[in-house]
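This report covers a helix, a pocket and a loop residue. The structure is shown first.

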Amino acid sequence: MRVLGVNGWPGASHDGAACLVVDGEVIALAEEERFTRHKHAYGEAPLHAAAHCLAQGGLTLDDIDVVAHGWDLPTLFADRGLDWFDSDADALEHLLPRALFPRRRDPRLTFVGHHIAHAASAYHLSGRERGAILVLDGQGENESTTLAVGIDGGIKTLRAHSPGWSLGYFYAAVCEYAGLGADAAGKMMGLASYGTPGDLTFGGALGFTDEDFTVGIVPPGLRSVGGTDEETATIRYWLEHLEKTLPDGPNRRVRRFDPRTGRHTKVTARDPYAYRDIAATAQAALERAVMGLVRGLLRETGESTLLIAGGVGFNATLNGKIMRMPEVRDLFVQPLAGDQGVSLGAAVWVAAQEGDRIRPMTGSVAWGPEWTPDEIRHVLESTGTAYTEPVDIAAATAGVLAGGGVAGWFQGRAEGGPRALGHRSMVAVPDPESTRDRVNVRIKDREAWRPFAPSMHEEAAEALIGTTTPLPYMIVTTPVTEAGAAAMPAVVHSDLTTRPQTVSAAVDPLYHRLIGEVGGHTGTTVVMNTSFNGPDEPVVCSPRDALATFHRLPLDALALGPFLVRRPAGALGQGNA
């Protein structure tokens with residue numbers, strides 16, 4: 001069976017993406033933001049992403065059996081009093097118009113419940129025959145938390161919390177209150193470790209039991225009319241409550257013209273760092289609520305394997321604590337945990353329902369676009385970029401890093417999701433500690449307290465982070481060992497944890513070799529890894545994106561396929577740091 005999974009809808013979505021699954025195997029996955037360069041692709045249908053996936057598979061829409069959307073949009077619209085299309089043909093034309101996707105026939109259009117798509121993305125791609133499933137996000141059609149179990153290819157929903165009781169919206173509200181922005185959960189997770197938690201109930205708004213939580217300030221049956229979700233109303237309830245109960249008022253943001261960038265940007269009245277205790281309290285409250293849910297779910301199902309998806313699944317600090325719970329013997333967090341992942345989940349759900357055996361993830365999510373050396377060379381020469389072609393790009397790049405440089409690393413197929421995993425990365429030696437500040441402040445132009453992650457050989461993980469468990473997706477935090485703290489201080493966070501990626505030679509031989517070449521200079525097979533992008537832009541996708549970002553940011557070098565671009569002598573870079 002050939003299934004094109006999609007997320008995104010014109011004017012009413014975020015994180016649009018497409019995924020092609022053929023006979024149970026993921027052939028391609030791409031996010032719309034990587035093509036349009038609009039972060040999160042708000043309100044954009046996955047037009048470029050779908051076209052890429054079809055091209056990657058050598059197919060047209062005529063060859064597709066099912067287009068599977070990761071939201072039950074007809075139900076969502078009907079429940080909220082919104083008009084829907086008269087037929088699936090009209091809906092498909094709105095999503096994937098014939099002008100862009102010529103076809104003689106329409107494939108079947110199927111709408112998969114949002115949390116079912118999340119659950120399927122975790123269960124069917126985990127490689128586990130059975131396990132408890134926890135979905136946590138802002139919301140689906142009518143739920144924000146879903147507890148389920150996967151057994152023998154089927155998924156059974158046990159219970160759910162309504163959108164008004166969303167832990168994702170609670171966390172987003174605190175992000176907004178601190179001046180970080182409602183979509184900045186990753187920033188607040190990093191900030192939280194610098195603060196001291198206070199009242200986890202936030203003045204009685206949250207209640208906790210050993211196996212669940214309650215929200216006292218948002219009606220559980222909250223329902224919007226004329227809108228597709230309850231996000232705005234739920235966050236408003238929380239902001240009004242926080243302003244009444246917290247000692248510090250909200251860190252309001254206003255738009256001002258910044259002469260340095262020549263653009264209007266949002267600025268805050270105070271440094272968000274001043275809100276670190278509030279961030280720590282929100283993080284601790286989230287952990288208490290979710291760990292209670294995990295205990296109850298595992299007790300109810302009798303399982304010790306836990307599978308997680310949904311946007312809250314990107315909270316690596318929370319995931320690390322769940323991984324260390326005694327009840328959890330085996331944890332799989334779907335690395336495309338956000339809404340880009342429901343394109344994948346919808347596709348594998350439909351394929352599994354039709355009898356296909358789903359091939360599980362094997363340590364990589366590099367299913368996106370790639371360019372041949374000849375195509376990259378053409379871009380370099382057409383833009384007048386000076387470059388060399390080293391005999392060994394890994395060894396040449398390692399030499400730059402060993403000399404104190406920071407390099408862009410653009411290789412192979414692009415990864416999906418927000419974590420760069422060695423295909424669209426910025427890399428450096430994670431020692432000395434000041435490298436963190438240089439990359440944060442001078443290169444990425446972001447807050448100095450933001451953490452970075454290490455990519456390390458699987459073989460080095462026990463010495464650096466005290467575990468031999470493969471952690472290929474950079475989606476859980478672990479404590480570091482004394483040896484790890486000494487070898488990679490630039491990626492050790494203030495709470496003495498890090499968010500590691502363990503790299504296997506079998507899964508990613510070139511990136512593994514780069515790390516090994518760095519280890520030949522430093523004695524430790526680990527690099528500092530962060531996503532290859534500037535502020536407020538998606539991760540780079542194409543060679544032209546990579547060159548534009550390289551020229552805009554003070555990187556020292558760019559490994560673009562087999563070619564090495566160096567910063568000209570005297571230009572901004574490590575030699576002038």
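How do the residues of the lining of the second largest pocket divide into nonpolar, polar and charged?

## Basis

This is a predicted model, in which local features need pLDDT of at least 70 and side-chain atom pairs count only at pLDDT 80 or more, while totals for chains, interfaces and linings use all residues. Residues are numbered from 1 along each chain as its sequence is written, and side-chain values use heavy atoms, with hydrogens and water left out.

## Second largest pocket

The lining divides into 21 nonpolar, 12 polar and seven charged residues. Nonpolar covers Ala, Val, Leu, Ile, Met, Phe, Trp, Tyr, Cys and Pro; charged covers Asp, Glu, Lys and Arg; the others, Gly among them, are polar. A pocket is an open set of points on a 1 Å grid over the protein atoms alone, where a 1.4 Å probe fits, with protein on both sides within 12 Å along at least five of seven lines; lining residues have an atom within 4 Å of a point.

The space in this pocket is about 680 Å³, a volume being the space filled by probe spheres set on the points. Of its 40 lining residues, Thr469, Pro470, Leu471, Pro472 and Tyr473 are the closest to the centre.

## Asp556

Asp556 lies in the loop between helix H18 (543-552) and strand S22 (557-560). Asp556 counts as buried because its relative accessibility is 7%; buried means under 20% relative accessible area with a 1.4 Å probe, protein chains only. Its side chain makes a polar contact with the side chain of Arg438 at 2.8 Å (N or O atoms within 3.5 Å, one able to donate a hydrogen and the other to accept it; residues adjacent in sequence count only if both atoms are side-chain atoms).

Note on methods: Helices (H or I, at least four residues) and strands (E, at least two) are DSSP runs, numbered from the N terminus. Buried means under 20% relative accessible area, exposed over 50%, partly exposed in between (1.4 Å probe, protein chains only).
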